Structure formats: C-alpha cells, structure tokens
Amino acid sequence: MRQLFSLSLIFLGILLITGCSGTEAPESEAISWEELPELPNTVGLGGAFAGVSNGALIVAGGANFPNDPEWDNGSKVWYDNIYVLTSENKEKGWLTGFKLDQPLGYGASVSTGDSLILIGGSHAEGYHDGVTKLTWNSETQKIEQNPLPSLPQPLALSDAAKVKNTLYVVGGHVGSSSKSLTNVFWSLDLNKIDAEWEILDAWEGAARRKAFVTTQSQGDRTYLYVFGGENLISEENGKTKTTPLTDAYKYSPRFKQWERITDTPHPITAAPGLAYGQSHILIFGGATGDHLGYILHDDHPGFSTDLLVYHTITDTWLNRGEIPIGVVTAEAVAWGSGIALTSGETRPSRRTSKVQLMVHDTGARATFGFVNYFFIVAYMIGLVVMGLYFSKREKGMDDYFLAGRRVPWWASGLSVLGTGLSALTYISLPALIYGTDWFMYPAYFGLVLVPIITIYFYLPFYRRLNIVSAFEYLEKRFNLPVRLYGSTQFILFQLVRISIVMYLPAIVLSTITGINIYVCILSMGLLSTFYTVLGGIEAVVWTDVVQVIIFFGGIIVALIVIPFYVDGGVASIFKTAVEDDKFRVLYLEWDITATTFWVVAIGGGFGTLIQYTSDQAMIQRYLTTKDEKAAAKGLWLNVALTIPTGLLFYLMGTALYVFYKSHPESLNMGMQNDAILPLFISQKIPIGLAGFVIAAIFSAAMSSLDSGMNSMSTAFVTDFYRRLKPHTTEHGSLNVARMTTLIIGLFGTVVALIMVTFDIKSASLFFTSVIGLFSSGLAGLFALGIFTRRANGMGAFIGAITSAVVLFFIKFYTPINYFLYAFIGFAVCFIVGYILSVFIPEKEKSLNGLTLYTSFSRGD
C-alpha cells in the first residue's frame, strides 16, 4: 500500500514538472510559410483545379500567357496536364505524365477525401459543362478519371463545395460568351445513381462570379458559405462594368434558407480559401478592386496579401497576418501539416509556379502558471489520500460494491448527479450551446421526469430483491442468458464511455494549458484507477461528493467572471443573445433526420431513461444507502438540483458566445469548439481560481471514470465470476474485483490515448449517439420485465438482439437522427420481445415480486 502511495506521489510530481514545462509554449499562435516543390510549368498557372485524393496533392489544368502578356496581344493558353505530389516523394518533386481529356481551367474544385471533383471551367473555345472525378491510385501510381452528370449549362468562374454527399455550385458565367451573370445555385446528390443537377433558389444579393464558397459546421448543422466575388453590369455604351463585392451569405441545406452574414472587411474576388478547424474559415488575399485601374499594365502592385479569418459562430472577421505572395485564381488545399496555395496569378497576365505552404502552430495562448498547477496537483493528491483512507474499510464484497449500505442519502444523490453529468457536461455542453443555441434544452425534461419514474416504478425492485448487480434482476425475471447479455452490453458501453470522458478533457486541457495530452490522460486514468481499486464504491461516492462541490464552484466562478469582460455586463449578454437568437429552443418541424424539438425531447428522455433504469453505475448508487426510503430521497435531491444545473451550463454557453463575439481576437484559429471553456479559463480567470476551475473539469471527468470502473467490476464479478463460480471465497472475490478494476482502468486509459487522433466535432453529441446504440435495448429488457407478465426469457433475448441489429442498420443506412436511437432501440426490444413471448411461450415461473402486477415482500 505504501509503495502504491509513493508511486502516486512520484507520478504527480512528474505531472507538475511536465505541466509547468508545458507553459513555455508560445502565448500566441505561430504562422510560418514554407515552399513546396515548384510546379513543372515554370510560368505558373492561373485557374488550375487543385485538391487532395487519397493523400496526394493534385493540380490539374489551368492557363497562362506563356509568351507575351494580354496587353501586348499575347494569347492565353489552356493546359491538360495533371501534376501529383505525394508525401513520400515530396523531395523528388511533382509526378507528371497524366492528362485531362482536354485543356481546361477556371472551374470549381471539390475534394472528397478519396477524389478530386472538377466542375465546369473554360477552354480556348468557350465554357465547359462537364464534371469529372479524379482519383489517385497509390498502388498503380496512376490517375483514374470518371465522369459525373454534366451541369445544366456550360459554366466557368464559379466555386463549389460539398455538404455531406451533396455538391453545391455557386455563381459564375453561364453559356459560352456571357457578358452578364445570373445567380447560379445548383446541387447534385452524389448518393443517387441516376442523379441530375437540381436548380435551387439563390441568395437575394447580386449575381456574381469568382466568389469563394466553402462549408463549415456548427454542432450537428452544416452550412454553405458564400463570400464576395464580383458582379458585371452591362452599360448603355456596350461596355461591361466590374463591381467587386463584399456581401456574404450562409445557406442551410436543412431549412433551404439563405441568411446574410457580416460583410468581408474589403472586397474579395477570386481568392483562395478553405474551412479550418471546427469554426473558422480562412481567405488568402484575393483581388480587392484596387487592381481595376491596372488591368492592362505591368505596373500592377499585386493582389492583397491579407490573411482574413472568419469565425462562423460569432460572425466576426479578423486579419491574422500576411501571405508571402498574394495570389488569385488559385486553390487553398489542406495537405500534410499545412495549407498549400497552388500557384495562381500574382498580377494580371502574370503567374507564379511557386506553391506556398502555411504551417500553423496553435501553441498555448496563455501561461497557466505554477500556482494553478499546484491547485490541480493538490486536488489529485487529495483523491489519492481518500482512496487510501477508504481502503481500510473494505473488508468484503458488500463493502467494496455497496459501501456496507452506510452512505447518507444526500451523498448518494450528489453522487448520482456527478455520475450523470461528467466532463461531457462540463466542457462539451457549454461548447455546444456556444456554437448553436438552446435546441438541446428539451432533453432536460427527461432529467426531471425520469428520476421520478425511477423512484416509483424501478427503485422498489432494485432494493427489495437484495441484489448487487442490476442484471441479477434479469435472471430472476427471465433467465441466465438474458442476464449475461445485459451485463456484457453494459460493460462494453462503459468501456467506450470511460475512454470518451478521459479523452475529452485531456484534448482541450492540453490545447489550452500546454500540458502534454498524454500526461493529462494518464493523470486522470491512473489516479482514478488507483483510488477506485483501493477504496471501492465508498471511495467513489465520497470523491464524487467532493468533485460535485468543486464542479459547481468552478462553473459559478466562470459565470461571475464573464460579465466583467463584456461591455454592459449581464444586461449586454442577454441583449446580444436575444438579438442573435441564441435562446432559441423550439424547432417544431416534423423531421426525424434533424434535431427538432420533438426529436430532442423524445430522444433525450429515453436516453435519460437508459441511464437511470439500466445503468449499473447509477443503480449501484441506489443500493449504497441504508434503505429504499433513503435512496428515494437521494433521487429527489438529484431532481431538485437538475433544473439549476441545466440553466447554469446553458447560460455558460451563451455567455461564452457573447464574450468571444466581443473579443474574437482571443480565439485560437482552428481550435476545437469543445476547448472554448478551458480557453476562457486560461485567459481570463485569475491565477489560483483558474487552477480551481480546471481542477473542476478534471473532477468532472474522474467522477465518471471511477463510477464506470467500479460498476464494470461489480457487473463482471457478480454476473460472471461469482455466478459461474459460486463457491469462491469472499477474500478471493475481493481480489478479483480489485484486479478487474485495475485492468478496466488501464484499458480505458489506453483507448483514450488512441482516441487522441479522432476528429470528434462535439463530444456531447457523439456520446448521445453512443448511448442510443449500445444501451437502449438494455433499458427495453428492464421495462419488459417490470411492466409485463407475458414476456419470457426467449422473447426478451431475441428482442434485445433484434434491437441491436435494427439500430446498426439505422445508423449506417438511414438518415434518422442519432437522438432517436435510444427511443428506437427501447421500442424495438420491448415490442419484439413482447410479441415473441406471446407466440413462443415458456414454462411458467413464479413472478412474485418481479413485476408491477405481482406482490412482493419487503426486503429492507
């Protein structure tokens, strides 16, 4: 025991030293520029298609003036060359020898990951209506070309982007010799075999060419963005007037609606750009309109070198530096460790063969400080001490799994609250509200109603049957296979869950504070495992109580601080939020593919039902009190705290939105949205208090980790080890329980380390889908047992299997929203299980005390 304690202190010392060294990361983002190998066409190309296919950077087509410039009667030449640059051959330069079907340029490029799609364009004879998919085959080292449906009309000087599996084309010249423009807005569903282009309603602003188009997501909503471009107006004298544009728009494919957003800081025409991170859009240079007086002169000063950054959540613009060479009619492509600007025009009739590469190092935006790290380490040492203290009280299985039923009702209630909230609530929920609005609030209806349902319909069975694992009920009501299936499904779900709740705070804390991400994960995983192995459920419950107090203290501190940094304080926060519709809750359309009011309310309610009625981590809390009445009081306390808890986190998300709308310069370019609260903490919370709030985030994560580990150990030892090996000794079972906890903790930590490479847009939404997929059938089993008398083991088992099969089919083959997974899985298990039980009867067994319709004796 002393050796374990010493090892823990050594590890915490390493955390403190490593963490403090992490604060030496730069206080501001670093942007540097490199050069990739120059294009084989030494004159350079304007209007070339560019993108990525299977990791290879592709540049195709384009045009230039190889001899004399336009004002000296030089001729523009289009090319059909395709150049390929791979990471393994970067030093050797571009691969050549590949050709398009014809010379082509000035069309739109869209990268899909495995392919580059070329849309429209122009050539020496006019405009082009073809759409081609280029795919790099790394095995054969060849380019594969496949045609897609042609455009409704020939089109050039447009731009395009992809939302899910639909292509959208915006603006451009229609026809072969247009002198005026129309508001082109076409779409193509790539999922349909016989798809055709659809003509959609365009924005209300001017028609345009050379606009920049991209997509970016906010929560589970993806928007199409259109910036700038130029308009052509035919004048009475027959000439055409060019008007650079600054207006910008976003389009919602879900609602099929356009919305005007903040104008660009200056006109942007033919500018390369791309979506960056989860909420930023970068635009590199472009023509600003200053070039108009220089069109046919070689004394043109060059195009803009501004690096403009648009933040999609706060609708704000910033200038974040300069490009070495300002270019237009180029593409910005995310490739390797940076963003490549592929050739382009440097001035009218002049190109560059250089390929510029921007490398962005986010660094840590603020020095976190020794005092803050001291608070975190002191908190973790406290957890280790608690684990050691409670280890002295664990004499047998009843102590280790049920705390000897000596936990006070209020501590049980706080532990239930802490287990249900976790770091997913603390970090990801405010981040989701910051990025969207209050659309998730209907899910809180379930958090109020479900505990009440649990008190009156489920709790009596768990308490009066004198069980340790909730799945013991399934064997008593049905049979052993159903019990083992339920326990296995729970364990698998919890393994995923503990990895997620370790990964989430680690990734954002590392980003903001500079602590190495692996140190973050290891500190949470190993310390949670340590005190859970030693102290069992009693250590878990009491550390949960401490963690919930820190949890609430941290969020309250942050809410108090924010108004001091917003002009106008609290009143201004509410005023801005109302003006920007950030309190919107009601999306009343009947659409099961979107997060509408009905989908969120139903899905959130059943998701909560799963947790409170079939989650061993929750149910185990009900069993640690002295009797059923005390357990019910704990749940009532949970209900009372749920409403203010929800308001606190939703208000936090809204306040963060207003703060960063007022201070967009404080945002990390390309940051994960889930990092927004830790970012604010590191920037604005005073020293010492910041350490306290970050400790609250760690506590939120560790509250869920310890609960998951102990409950999985309980399920394994009770449902498998002791059930299948009934003559094992109490001491032997206790050793197995501790060893199981240790293995689970180490496994979850390793999985969290692997998850660092995942791109999860919102951990809160991701976790919602995981709950529905893994656990909804399990809740259906408990409901079948309690609310019916006809259900039997065979019917229940097949119902649960059918539920899992149906859910995975829905997940991968339908657009049904993930919020409904919980409801669908529950309903399928319940309905199929009941019907099959009617048609496949089994030998009758006593149901005394096992359903609502049969009497049972008091067990407490």
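**Whole protein**

The model is predicted. The table lists its totals.

| Property | Value |
|---|---|
| Helices | 18 helices |
| Strands | 34 strands |
| Buried share of the 860 residues | 62% |
| Accessible surface | about 32,400 Å² |
| Carbon and sulfur share of that surface | 59% |

Take the contacts with a separation of 6 or more: 71% of them join residues 24 or more positions apart.

**Helix α13**

Helix α13 runs over residues 676–684. Of its 9 residues, 7 are buried, so the helix is largely enclosed by the rest of the structure. Which residues of α13 are buried? They are I676, L677, P678, L679, F680, I681 and S682.

**Residue T608**

T608 sits in helix α10, which spans residues 597–614. Is T608 buried or exposed? Its relative accessible area is 5%. The cut-off for buried is under 20%, so T608 counts as buried.

What does T608 touch once its neighbours within four places in sequence are set aside? The contacts are A443, G446, L447 and V450.

Taken together, T608 of helix α10 is a buried residue.

Terms used:
Residues numbered from 1 in each chain as written. Predicted model: local features only at pLDDT ≥ 70, side-chain atom pairs only at ≥ 80, totals over all residues. Heavy atoms only, no water. Buried < 20%, exposed > 50% of the residue type's maximum accessible area, 1.4 Å probe, protein only. Helix = DSSP H or I, 4+ residues; strand = E, 2+ residues; numbered from the N terminus. Contact = heavy atoms within 4.5 Å. Areas by Shrake-Rupley, 256 points an atom, 1.4 Å probe, with all protein chains shown as cover.
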